[in-house]
Amino acid sequence: MKKIVIPDTDLVLSSMGMGCVNAGLKWDGKEADYIFDAFLDMGGNLYDTARVYSDWVLPEIGRSERVLGDWLKRSGKRNRMVLITKGGHPDMACPKPDLHKSRMREADMRHDVEQSLQALHTDYIDLYFYHRDDESVPAEELIETMETFVKEGKIRYYCCSNWSTSRMKAADSCCRKKGCRGFAANQVLFNMGSRFMMPLEDDTIRYMDDEMQEYHKKNSENLAMPYMGICSGFFHNFIEKGEDSVVDSPYYTKENIRLAERVRMLTEKYQATVTQVVLGFFTCRDFQCVPLYGPRSAEHLKEAMGSFEIPFKKEDYE
């Protein structure tokens with residue numbers, strides 16, 4: 001698998017990251033170890049989790065980090081992988097979660113990063129993300145918090161998730177004034193069908209629009225890490241089960257129905273699966289992307305990794 005280097009870092013990443021939101025839900029214990037090991041054996045090295053995964057399924061808190069951390073402790077493979085986790089997400093374990101109740105002050109972030117280090121059985125996190133944004137907090141204050149964690153050795157590089165382009169630019173400006181490196185990656189909702197999808201109920205999620213794509217073309221040191229890369233299964237369901245199976249999907253628009261026919265054509269052209277065609281979209285962008293993929297099994301992981309061996313062309317997706 002082709003490796004991706006984030007400029008001005010010493011991090012070398014696999015072309016796809018393994019999303020671990022399902023850890024502890026879909027797989028745990030030996031089954032989780034098998035999937036984590038399989039990803040390494042296939043050439044992957046980027047593991048993505050978050051302090052909040054999956055607190056919305058009570059009673060356990062920090063379930064995903066616990067499962068990933070147990071594997072790291074048992075396997076001794078921490079030095080072979082690049083570890084992502086995220087903090088500052090609104091509380092999802094309370095009786096009535098409020099996605100607009102910010103948890104991004106220094107005390108909140110320190111609580112989360114300390115909990116993450118303990119759960120993951122590690123002394124440091126390679127890429128640490130603000131999981132959401134709070135535009136009432138000055139970018140300078142948020143950068144200062146992350147710089148403190150870097151100086152303390154808790155994190156190596158810091159990043160953002162669900163930030164607007166204007167806020168990333170404000171953070172960049174702050175970092176230039178302070179002589180800091182700044183954000184190393186940006187996690188955002190982006191996929192083959194996101195341009196034409198209807199908005200999700202969660203309005204704290206940010207989408208990759210044209211402005212953000214232009215930003216990433218000019219700022220390669222901030223790597224785009226798209227999530228929801230397979231469009232929540234929209235194209236899979238449309239092609240395999242028919243239109244009736246997707247009428248409740250936010251991707252159910254006339255433009256995405258036309259795209260589904262393009263996906264079907266590309267599966268035939270390249271003798272590829274729907275997953276491979278949908279992930280192949282990221283190999284044909286004008287800026288570097290490392291999409292995140294949450295597998296249900298090692299077999300699904302192998303299928304997804306195969307996307308990066310197929311010579312898709314930019315015109316396939318136009």
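β5, helix α3 (residues 106-119) and β6 make up a right-handed β-α-β unit; right-handed here means that, with the strands pointing away from you, the path from the first strand over the helix to the second runs clockwise. The chain then crosses from β6 through helix α4 (residues 139-151) to β7, and this β-α-β crossover is right-handed too. Helices (H or I, at least four residues) and strands (E, at least two) are DSSP runs, numbered from the N terminus. This is a predicted model, where local features need pLDDT of at least 70, side-chain atom pairs count only at pLDDT 80 or more, and totals for chains, interfaces and linings use all residues. Residues are numbered from 1 along each chain as its sequence is written, and side-chain values use heavy atoms, with hydrogens and water left out.

**The sheet**

- Eight strands form an open sheet in the order β9-β8-β7-β6-β5-β4-β3-β10, with parallel pairing; two strands count as paired if DSSP finds at least two bridges between them.
- At the edges sit β9 (223-227) and β10 (292-293), each pairing on one side only.
- Strand β5 (residues 82-87) runs parallel to β6, joined by four bridges, and Thr85 stands opposite Tyr128 of β6.
- On to strand β7 (residues 155-161): β6 pairs with β7 in the parallel sense over five bridges, with Tyr157 in β7 as the bridge partner of Leu127.
- β7 is in turn joined to strand β8 (residues 185-189) by two bridges, again running parallel, and Cys160 has Asn186 in β8 as its bridge partner.
- Six of the six residues of β6 (residues 125-130) are buried, so this strand is largely enclosed by the rest of the structure; buried means under 20% relative accessible area, exposed over 50%, and partly exposed in between (1.4 Å probe, protein chains only).

**Helix packing**

- α4 lies across β6 and β7, running at about 155° to β7; axes are lines fitted to C-alpha atoms, for helices over the stretch in contact, and angles run from 0 to 180 degrees between N-to-C directions.
- α3 and α4 pack at about 35°, with their axes 10 Å apart.
- Where α3 and α4 meet, Glu106, Met109, Arg110 and Val113 of α3 are in contact with Thr145, Met146, Thr148 and Phe149 of α4; contact means heavy atoms within 4.5 Å.
- In helix α10 (residues 298-305), the buried residues are Ala298, Leu301, Ala304 and Met305.
- Seen down the axis of α10, those buried residues fall within an arc of 115°, so they line one face of the helix; the arc is that of the directions from the helix axis to the C-beta atoms.
- That buried set of α10 packs against β3 (17-19), α1 (29-41), α9 (274-280) and β10.
- Thr267 is found in helix α8 (residues 254-270) and counts as buried at 15% relative accessibility.
- Setting aside neighbours within four places in sequence, Thr267 touches Ala272, Thr273, Val274 and Val277.

- Most residues other than glycine have a negative phi, and most peptide bonds are trans.
- The loop between β4 (46-48) and α2 (63-75) holds Ser54, and the peptide bond from Tyr53 to Ser54 is cis, with omega near -20°.
- Pro59 is also in the loop between β4 and α2, and the bond from Leu58 to Pro59 is cis, with omega near 15°.
- Asp8 is not a glycine, yet has a positive phi of about 65°; Asp8 sits in the loop between β1 (3-5) and β2 (12-14) and is exposed, with a relative accessible area of 63%.
- Cys231 has a positive phi near 60°, and its place is in the loop between β9 and α7 (234-241); at 0% relative accessibility, Cys231 counts as buried.
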